[in-house]
Amino acid sequence: MSETYNRGTVEDVGRWREFSAGMWAWIFHKFTGWVLVGYLFTHIAVLSTATSGATVYNETLVGLESLLVVRILEVGLLAVAVFHILNGIRLLLVDLGIGLEAQDKSFYVSLILTGAIAVASVPTFLAGAF
């Protein structure tokens with residue numbers, strides 16, 4: 001007879017407290033991947049305005065850059081992309097057998113580097129917004 005494993009009920013919303021760093025890394029990697037896929041469609045939509053001519057494309061870019069919320073979203077996009085890249089490199093190294101003992105530490109390092117890069121980029125993205 002096969003044994004079954006009790007994974008808990010779906011309604012158990014307190015289970016997130018039991019997640020390890022590896023689970024959070026997996027969740028963040030999937031989330032950032034979906035955000036990047038969603039951004040791809042937005043990016044294509046903006047680029048498609050170039051088919052209407054250079055002036056329409058330039059007006060679209062100037063209009064978007066004039067919105068503070070777009071500039072803040074660009075900082076978020078940078079943070080998403082940086083984390084996804086760093087975590088992907090971390091996963092590649094783990095798959096190659098490098099740093100198997102320090103997976104949690106490397107996840108935290110990728111979070112800290114992402115935060116530092118995002119914070120350091122704020123003046124660049126918000127320059128001229130005010």
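To start us off: how much of the chain over residues 68-86 is helix and how much is strand, and how far apart are the end C-alpha atoms?

Modeller: Happy to, and keep in mind that we're looking at a predicted model. Over residues 68-86 the chain is 100% helix and 0% strand, with 27 Å between the end C-alpha atoms. That stretch also turns up in an unreviewed UniProt entry, whose "transmembrane region" annotation covers residues 31-56, 68-86 and 106-129. For residues 106-129, the chain comes out as 88% helix and 0% strand, and the end C-alpha atoms sit 35 Å apart.

Now to the helix itself. Helix α3 takes in residues 68-95, which is 28 residues. At 1.5 Å a residue, α3 should span 40 Å, and its end C-alpha atoms are 41 Å apart, so the two values agree.

Next, which side chains are tucked away? The buried residues of α3 are Val70, Arg71, Val75, Leu77, Ala79, Val80, Val82, Phe83, Asn87, Arg90 and Val94. Their cover includes α1 (21-47), α2 (54-65) and α4 (103-126). Here's a handy rule for reading a list like that: an α-helix has 3.6 residues a turn, so residues three or four places apart point the same way.

Let's zoom in on Phe83, which lies in α3. Its relative accessibility is 4%, and because buried means under 20%, Phe83 counts as buried. Leaving aside neighbours within four places in sequence, Phe83 is in contact with Phe28, His29, Thr32, Phe107, Ser110, Leu111 and Thr114. Take Phe107 from that list: Phe83 and Phe107 are 24 residues apart in sequence, and their C-alpha atoms are 9.6 Å apart in space.

Setting aside neighbours within four places in sequence, Thr32 is in contact with Val80, Phe83 and His84.

What about the surface? Ile85, Ile89, Leu92, Leu93, Leu96 and Ile98 form a nonpolar patch there, and together they have about 580 Å² of accessible area.

Last stop: just after α3, Gly97 takes a positive phi of about 90°.

Notes
Residues are numbered from 1 along each chain as its sequence is written. This is a predicted model: local features need pLDDT of at least 70, side-chain atom pairs count only at pLDDT 80 or more; totals for chains, interfaces and linings use all residues. Side-chain values use heavy atoms; hydrogens and water are left out. Helices (H or I, at least four residues) and strands (E, at least two) are DSSP runs, numbered from the N terminus. The expected span of a helix is 1.5 Å times one less than its number of residues. Buried means under 20% relative accessible area, exposed over 50%, partly exposed in between (1.4 Å probe, protein chains only). Contact means heavy atoms within 4.5 Å. Patches are made of residues with over 30% relative accessible area and no salt bridge: like charges are joined within 9 Å, nonpolar side chains (Val, Leu, Ile, Met, Phe, Trp, Tyr) within 5 Å. Accessible areas come from the Shrake-Rupley method with a 1.4 Å probe; for residues, only the protein chains shown count as cover. A salt bridge is a side-chain nitrogen of Lys or Arg within 4 Å of a carboxyl oxygen of Asp or Glu. UniProt positions are given in the numbering used here, feature names are shortened, and annotations may be inferred rather than shown by experiment.
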